[in-house]
Amino acid sequence: TMEDYALRYTPKSFRKWSELRIANTALGAVSFLALEAIGGVLALSYGFTNTFWAILAVSLIIFLTGLPVSYYAARYGVDMDLLTRGAGFGYIGSTITSLIYASFTFLFFALEAAIMALALELYFHIPLAFAYVICSVLVIPLVAYGVTLISRLQLWTQPLWLVLLVLPYLFVLLKNPEAFSDWTSFRGRDASGDFNLLAFCAACTVALSLVTQIGEQVDYLRFLPEKTAANRKRWWAALLCAGPGWILPGALKMFAGAFLAFLALQHEIPIERATEPTQMYLVG
C-alpha cells in the first residue's frame, strides 16, 4: 500500500486524482536537467544548425511514437511492461522492455544525481563524493510513497521551478540580447557551420536516447481517471500534454541548454565544463 501501485496495473479505485493533477505531475518529469546537458553537448559538438534540425526531427519522432503508447496505457491503466505483453510480445518482450526502461532510468537518475551533486558542491563547498551520497539518499523517501507524495511535492514546487527556470533567459534578454543572434551563427567543433548530414545524424543519435522517456510518462498517465463522455476533452488534453507532449517543453529545454552552453563559452568557461547545467545557469 505504501508504494501506490508503482508497477503494473493501476485499479480504477485508485485513479482518484483529477486530469490536471496527473498531467501536472507527469510534466514535472521534464524538470530533469539532463535535457539542458544534452542540448549543450549537441551545440558544442555539431553547431547551431545541425542541433536545431536534429532536435526538431527527434521531437517529431518521439511525439508520434509516444502517442499510441500513452493512449493505451492511460485507457487501461497499465505500465510499459503490461503494455508490451498486451501488444503481443509476450513474457520475453515485456522482460526486454523492463530491462531497457530500468537501464534508462538508472542512467538518467545517475545523471540527475551528478548534476545535483555539482550544485551542492558549488553552493556549500562540500566534497563531491559527499554530495553524491546526499543526492542518492534524499530521493529514497520521496519515491517510497509513490505518486501520492510526488504529485503533492510537484504541485507546490512547480511555480517556483518555472520562475527560476525562466529567470536566466530574462536576464540575458535584458543585459545581453545580442547573444541570441550570435548563438544562431555558432559553428561548434564543426568549422563549416552549415548543415551537414553526418553531423545531423550523429546529433539525432544522441537525442534519440530520450525516446525511452515515454516509459516514465506512462507511469503517471496510468493514474488518469477513466475516460467518460463528461471528461473526454480534459482527458485528451491531459493525455496529449503529459504523454507525447512532454517533448515540447523537453525540446525547448534542449534548445535552452544549447544556448546556455554557448553563453558559458563566451564567458570563458572551459569547454569540458560548459555542458554542466550548474555552470550554464550560473553564467545565465
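Analyst: Q217 counts as buried because its relative accessibility is 0%, where buried means under 20% relative accessible area, with a 1.4 Å probe and protein chains only. This is a predicted model, in which local features need pLDDT of at least 70, side-chain atom pairs count only at pLDDT 80 or more, and totals for chains, interfaces and linings use all residues. Residues are numbered from 1 along each chain as its sequence is written, and side-chain values use heavy atoms, with hydrogens and water left out.

Q217 is placed in helix α8; helices are DSSP runs (H or I, at least four residues) numbered from the N terminus. Its side chain forms a polar contact (a pair of N or O atoms within 3.5 Å, one able to donate a hydrogen and the other to accept it) with the side chain of Q213, at 2.9 Å. A polar atom of the Q217 side chain also lies 2.7 Å from the backbone oxygen of A242. Leaving out residues up to four places away in sequence, Q217 touches A26, A29, A242, G243 and W246, contact meaning heavy atoms within 4.5 Å.

W246 is, with L210 and F259, among the residues with the most contacts inside the largest nonpolar core, which has 51 residues. Such a core is a set of buried Ala, Val, Leu, Ile, Met, Phe, Trp, Tyr and Cys residues joined through side-chain atoms within 4.5 Å. Helix α2 gives the most to this core, with 13 residues. Apart from this core lies another, of 18 residues, and A242 is one of them.

Definitions and conventions
Buried means under 20% relative accessible area, exposed over 50%, partly exposed in between (1.4 Å probe, protein chains only). Helices (H or I, at least four residues) and strands (E, at least two) are DSSP runs, numbered from the N terminus.
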